[in-house]
Amino acid sequence: MVDAVAIAAVSEMKPARYPDKDGHALYIEVVRQLLAEWHLKPGDIQGLLACPAGMAGGGNADIFVHEQLYEELGIHPLYGDTMNAGGATYGYMVQRAALAIRQGLADSVLCIGAGKFPKVSTGGAEMMARMVSHEAFEFPYGTFIPAIYAQVATRHMHEFGTTAEQFAEVAVSSREWALRNPQAATYGTEPLTVAKVRASRPIATPFHLYDCSIPLEGGAAILVANASVAKRIARQPAWLLGMGEYHSHRNIHQAADLMDIGCGRAGRMAYERAGLGPGDMQFAQIYDAFSVNPLVFMEELGLCARGKGGAFFASGATRPGGDFPVNTYGGLLSFGHTGDASGLSMIVEGARQVMGIAGDRQLPRADIGVVHSYGGMMSEHSTLILGRQS
Amino acid sequence: MNDETIPAKPLPKMTPGAEHYWHSATREQFVLPHCTACDKVFFYPRVWCPQCLGQDLDWVHASGHGVVYSFSVVHQAPFPAYRGDVPYVLAVIELAEGPRMMANVLHCDPATVRVGMPVEVTFEDRGEIKIPQFQPVHS
Ligand SMILES: [Zn+2]
């Protein structure tokens, strides 16, 4: 058995528009908030992994964020880097931090990100399409991120008879959770219905506006630590029981199989390393740029039968009070998508549920859960298994 | 929408190993790269074979036939060049020779496009060059 490593502290800003804060200012706000909430001192941070600031803002990304943060905090880490894998960045940060801690390089590593999301309507869609598409063999065909994700949705509909209404059920479920999370961007709004999702503006079939995540800004931080530090900081740490990683493709047309896109491969590794299986999981937090992701990835992660993701969401099982809660913070669909920092939100929530600090949405059963994130156009995958017992 | 306000659609960037592909398309010939070492036809064209990294490549004249592997009908133009095109079909085409590629499905009502639908190559004029596109097979 390898040495126990846990998530010892988490903190996240409320997704919103922060016009007065640039990427660096958001970073500082995230750190300030984490230190205050958990009564930590800069000296509690022995390692630091950051994400380039300003990537989604159209270039000029700062790839020396880690250095800037050391200096701001007055610390001299033993382990650090700025790294990027899109939405999978933070899953991989937790994995890299765990490896470093087990190797004895540091007792604790801060995984941190802050992000802005360009306005889709004013050139943001083109800028992001260029970033995620092959510049010769995809972009000239008018690529658009929702339409790229829709390739998976349409194929799933073809192979398994999944309906657009079942994708809409994912958005409905996420909103139910967001209405219980004061930090969610849609907190205090109305519940969604399948009819409302289908009546919202068509974007790219089968997606309408409410099948898409909400572009906002924000950031979060996760402190990964060894057992002694984790127990000192948290009453109930979220122990990292297993982790898996898989890299599939860069450009969506190059994915070998849209129905086996890498999520399940990362998941199986995580289960195996944890000595657990899908049946041991009590909840899932799954990166959801679009409604298609939780539906299909529940299947890939073995949490429901192949082809039954649509029926699973339609059954209500994933909603508050259901048998298998999914995206209990509202997901990127209803909590908000914080651009470069979005891959933190599902890890923060997975940790909060296991730590028992999820407030009004705390699950009665949260002993073990799975957190899946991915980067690029579902290109690279990270699965984490978190639990209450090391 | 006034056509004059719509900018030209993007041209593909010329990437290493792909010049012949675009020159052929401009002459309305659809070719695919082929690795002589492992006898693999692949997409997209590049300086080596993605299976063996062999650089002894030649070109085959492809049939131009394929089926729609997946697609989406885009209703919101991602950028101004596509304002006049919505709704348009962004698809992944599975070629008869095996590889998949991205393209638009043209010359049909987008609502009639289906996964598995047979399609054939056609060429869209982009000014300096033509690019391979697909359309339903008219039998
Ligand atoms: Zn070869």
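Predicted model: local features only at pLDDT ≥ 70, side-chain atom pairs only at ≥ 80, totals over all residues.

Residues are numbered from 1 along each chain as its sequence is written, chains are lettered from A and ligands numbered from 1 in the order in which they are written, and side-chain values use heavy atoms, with hydrogens and water left out.

Chain A has 13 helices and 11 strands; these are DSSP runs numbered from the N terminus, helices being H or I with at least four residues and strands E with at least two. Its radius of gyration is 19 Å, close to the 21 Å that the globule rule gives for 390 residues, so chain A is as compact as a globular protein of that length. For the record, that radius is taken over C-alpha atoms, and the rule is 2.2 Å times the number of residues to the power 0.38. Along the principal axes, the C-alpha atoms of chain A fill a box of roughly 55 × 45 × 40 Å.

How much space lies in the largest pocket? About 1,200 Å³. The largest share, 6 residues, comes from α4(A). By class, the pocket lining has 28 nonpolar, 15 polar and 7 charged residues. Here Ala, Val, Leu, Ile, Met, Phe, Trp, Tyr, Cys and Pro are nonpolar, Asp, Glu, Lys and Arg are charged, and the others, Gly among them, are polar.

You'll want the grid details. It's a 1 Å grid over the protein atoms alone: a cavity is a set of points where a 1.4 Å probe fits but cannot get out, a pocket is an open set with protein on both sides within 12 Å along at least five of seven lines, and lining residues have an atom within 4 Å of a point. Points are joined across faces, edges and corners, and a volume is the space filled by probe spheres set on the points.

And cavities? Searching the whole structure turns up 1 cavity of 30 Å³ or more, and the largest cavity holds about 40 Å³ of space. Helix α13 (residues 345–355) of chain A gives the most to its lining, with 4 residues. The lining includes E12(A), R352(A) and R361(A), and it divides into 3 nonpolar, 2 polar and 4 charged residues.

Over to chain B and the metal. Which protein atoms are the donors of the zinc ion? They're the SG atoms of C35(B), C38(B), C49(B) and C52(B), lying 2.2 to 2.4 Å from the zinc. Donors are N, O and S atoms within 2.8 Å of the metal (3.2 Å for Na, K and Ca), and water is not among the atoms, so sites may look incomplete. The 4 donor atoms subtend angles of 100 to 125 degrees, which makes the arrangement tetrahedral; the label needs four donors with all angles between 85 and 135 degrees. Along the chain, the spacing is C-x2-C-x10-C-x2-C.

T205(A) and P206(A) are joined by a cis peptide bond, with omega about 5 degrees, and P206(A) is in the loop between β5 (202–204) and β6 (207–208) of chain A. Another cis peptide bond joins F43(B) and Y44(B), with omega about 10 degrees. H39(A) isn't a glycine, yet it has a positive phi of about 50 degrees, and at 69% relative accessibility H39(A) counts as exposed. D39(B), also not a glycine, has a positive phi of about 55 degrees and is exposed, with a relative accessible area of 57%.

Terms used. Tetrahedral: all angles 85-135°; square planar, octahedral: opposite > 155°, others 65-115°. Buried < 20%, exposed > 50% of the residue type's maximum accessible area, 1.4 Å probe, protein only.
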